[in-house]
Amino acid sequence: MTVRPVPGSRGHLTIDPQASGKSSGHLVFPWSRDESAWGSYSTPVGVVSNGEGPTVLLAGGNHGDELEGPLAIRQVFAELDPKDVHGTAIFMPSLNHAAVVAGRRTSPIDGGNMNRAFLQRADGTLTEQVAHFVEACFVERADAVLDIHSGGRTMMFSPFAATHRLPKPADQRRAIEAVSLFGAPYAMVLEELDMVGMLDTAVESRGKLFVTTELGGGGSTTPSLVRMAVRGIRNFLAFTGILPRDRFVPVEPPRMLANLDKGYLSAPAGGLIQYQIELGQEVREGDLIATLHDLDVLDMPGRPITSPCEGLFIGRLHGGVTVRGDFIGLVARDLDQSSYQA
């Protein structure tokens, strides 16, 4: 089967995304290269649909070294019975499939960061072509999107679900409720460093519900984090009406957080970083977070890295050697929810 739902795109689907029941196939693009002159590039896609109702897109593998999403989305797709569904759930466990196969953050084909490729470029790089198709076919159709991230090979986080600061108070309250029900110990209104080309922006600019996560990191997974992601997906499906409300898995209320630009810490120089506190530890402004050592000079004292604000130390570099500009930490504060009350 060849289905071409996006005019102007080189991509096609091998399944009908409008069909009832459960189906799985691929999003396919032509990919001519030295190794395969008439070759193609494929990304797995699944659809579970039953009758009228909302449409939800579930995405993992936006970055190829973040594996909780691919594992959890595959598990939920395998377990989901169409007769329990009201509406349509679209499953893309490895959005940047080439990156997932390679175990890299970005695509080995064109170096593309999928989460900066949502630029509506049907004739762009292969990564941009995939992003264009996903946005035009799935995001445009969806009422809500869940995009599961983790720290990948270079970062570690205390697990949290996140939304962003939204212009409409009603949308903000709904998004905060959705992240609260994911089941992570923390939920955050996240201030991104750069939102151009992100899936987040493609969804939220259309006024649609978007939830993301940062679950652990280190380029691997743990059983507890995959279970958390599976539970979070199921609760998101219940929250959006795809599954009945009685399918909610009870969760403990998360600690609600927000971050500011100044909560991001970057390495001021290259060196060997020695963390002095643990993830999840409370800090005050000026508290010592890490010491940066010059690898080339033995008798030089370490350079102190201090907290720029009061809050919770929730993210850090995974690894010990930095170059100037590397992300080395994130401090978040408790969220003031008073402005979001009805």
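**Reading the features**

Mentor: Begin with the aromatic rings: Phe-29, Phe-133 and Phe-138 form one aromatic cluster. Keep in mind that this is a predicted model.

Trainee: How is a pair of rings described, and how many aromatic pairs are counted?

Mentor: A pair of aromatic rings is described by the distance of the centres and the angle of the planes. In this structure the count is 7 aromatic pairs. For Phe-29 and Phe-133 the ring centres are 6.2 Å apart and the planes stand at 80°, so this pair is edge-to-face. Phe-29 belongs to strand S2 (residues 21-30) and Phe-133 to helix H3, so the pair ties together parts that are 104 residues apart in sequence.

Trainee: Are Phe-29 and Phe-133 buried or exposed?

Mentor: Phe-29 counts as buried because its relative accessibility is 1%. Phe-133 is buried too, with a relative accessible area of 0%. Another edge-to-face aromatic pair is formed by Phe-157 and Phe-160, with 5.7 Å from centre to centre and 85° between the planes. Phe-157 is buried at 8% relative accessible area, and Phe-160 is buried at 1%.

Trainee: Now the charged side chains. How many salt bridges does a search of the whole structure find?

Mentor: Side chains of opposite charge can pair when their charged atoms come close. The search of the whole structure gives 12 salt bridges. One of them joins the side chains of Asp-65 and Arg-153, at 3.9 Å from N to O. This pair links distant parts of the chain, 88 residues apart: Asp-65 is in the loop between strand S4 (55-59) and helix H1 (68-79), and Arg-153 is in the loop between strand S6 (144-147) and strand S7 (155-157). Asp-65 is buried, at 5% relative accessibility, whereas Arg-153 is partly exposed, at 48%.

Trainee: Where do Glu-135 and Arg-206 lie in the chain?

Mentor: The side chains of Glu-135 and Arg-206 meet in a salt bridge of 2.8 Å, N to O. Glu-135 is in helix H3 (residues 126-139) and Arg-206 in the loop between helix H5 (199-204) and strand S10 (209-214), so far as position goes 71 residues apart. Glu-135 counts as buried at 5% relative accessibility, and Arg-206 as partly exposed at 27%.

Trainee: What about a salt bridge with an exposed partner?

Mentor: Take Arg-284 and Asp-287, whose side chains meet at 3.8 Å, N to O. Arg-284 is exposed, with 57% relative accessible area, and Asp-287 is partly exposed, with 22%. Elsewhere, salt bridges that share partners join Glu-135, Glu-140 and Arg-206 into one network.

Trainee: How do I read the sheet with the order S16-S15-S13-S18?

Mentor: Strands of a sheet pair through backbone hydrogen bonds, either parallel or antiparallel. Here the sheet is open, has 4 strands and shows antiparallel pairing. S16 and strand S18 (321-322) stand at the edges with a single partner strand each, so one side of each has no neighbour in the sheet. Strand S13 (residues 271-275) pairs with S18 over 2 bridges, and Leu-272 has Val-321 in S18 as its bridge partner.

Trainee: Which residues form a nonpolar patch on the surface?

Mentor: Leu-272, Leu-295 and Val-321 form that patch, with about 270 Å² of accessible area together. Leu-295 lies in the loop between strand S15 (288-293) and strand S16 (303-306), and counts as exposed because its relative accessibility is 52%.

Conventions
Residues are numbered from 1 along each chain as its sequence is written. This is a predicted model: local features need pLDDT of at least 70, side-chain atom pairs count only at pLDDT 80 or more; totals for chains, interfaces and linings use all residues. Side-chain values use heavy atoms; hydrogens and water are left out. Patches are made of residues with over 30% relative accessible area and no salt bridge: like charges are joined within 9 Å, nonpolar side chains (Val, Leu, Ile, Met, Phe, Trp, Tyr) within 5 Å. Accessible areas come from the Shrake-Rupley method with a 1.4 Å probe; for residues, only the protein chains shown count as cover. A salt bridge is a side-chain nitrogen of Lys or Arg within 4 Å of a carboxyl oxygen of Asp or Glu. Buried means under 20% relative accessible area, exposed over 50%, partly exposed in between (1.4 Å probe, protein chains only). Two strands pair if DSSP finds at least two bridges between them. Rings of Phe, Tyr and Trp (its six-membered ring) pair if their centres lie within 6.5 Å; planes under 30 degrees apart count as stacked, over 60 as edge-to-face and the rest as tilted.
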